[in-house]
Amino acid sequence: MEVNKIVAELDKEIARLKEARTLLAGGASTSRSTTSAKKAVARPAKKSTMSAEGRRRIAEAMKKRWAERRKQQSAKGK
């Protein structure tokens with residue numbers, strides 16, 4: 001009887017792995033667990049927010065970068 005239990009557990013695991021492979025490969029399946037798994041994957045990512053200080057630092061760095069680039073371009077043009 002132990003062998004029958006082991007074989008049954010192996011069959012369940014094989015079915016679970018096949019469903020996971022189908023999901024990863026992008027195929028469609030008719031099982032309910034696949035549908036619920038697709039819903040879990042389809043959830044939108046949590047939107048991250050940047051602090052005002054972070055936005056200010058990035059803006060200043062970009063302005064500095066643009067100024068350096070304009071300076072280099074005007075030096076090349078002369």
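**View 1. Glu60 pairs with Arg56.** In this predicted model, a salt bridge joins Glu60 to Arg56, with 2.7 Å between the closest N and O atoms. Both residues belong to helix H3, where they sit four residues apart, so about one helical turn separates them. Glu60 is partly exposed, at a relative accessible area of 45%. Arg56 also counts as partly exposed, at 39% relative accessibility.

**View 2. Arg56 also pairs with Glu53.** Here the closest N and O atoms of the salt bridge are 2.5 Å apart. Helix H3 covers residues 52-77 and holds both partners. Arg56 and Glu53 are three residues apart, about one turn of the helix.

**View 3. A salt-bridge network in the Glu53 to Glu60 stretch.** Glu53, Arg56, Arg57 and Glu60 are linked by salt bridges into a network. An α-helix has 3.6 residues a turn, so residues three or four places apart point the same way. Side chains of opposite charge can pair when their charged atoms come close. The structure as a whole holds five salt bridges.

View 4. Lys12 and Glu9 both lie in H1, three residues apart, or about one turn. Lys12 is exposed, with 56% relative accessible area. Glu9 counts as partly exposed, at 49% relative accessibility.

**View 5. Ile6, Leu10 and Ile14 make a nonpolar surface patch.** The patch made by these three residues has an area of about 280 Å². Ile6 lies in helix H1, residues 2-25. At 49% relative accessibility, Ile6 counts as partly exposed. Residues need over 30% to join a patch, so Ile6 passes that cut-off.

**View 6. Helix H1 and the glycine that follows.** H1 has 24 residues. From first C-alpha to last, the helix reaches 35 Å. This is close to the 34 Å expected at 1.5 Å a residue. Gly26 follows H1 and has a positive phi, near 90°.

Conventions. Residues numbered from 1 in each chain as written. Predicted model: local features only at pLDDT ≥ 70, side-chain atom pairs only at ≥ 80, totals over all residues. Heavy atoms only, no water. Patch = residues over 30% accessible without salt bridge, like charges linked within 9 Å, V, L, I, M, F, W, Y side chains within 5 Å. Areas by Shrake-Rupley, 256 points an atom, 1.4 Å probe, with all protein chains shown as cover. Salt bridge = Lys/Arg side-chain N within 4 Å of Asp/Glu carboxyl O. Helix = DSSP H or I, 4+ residues; strand = E, 2+ residues; numbered from the N terminus. Buried < 20%, exposed > 50% of the residue type's maximum accessible area, 1.4 Å probe, protein only. Expected span 1.5 Å × (residues − 1).
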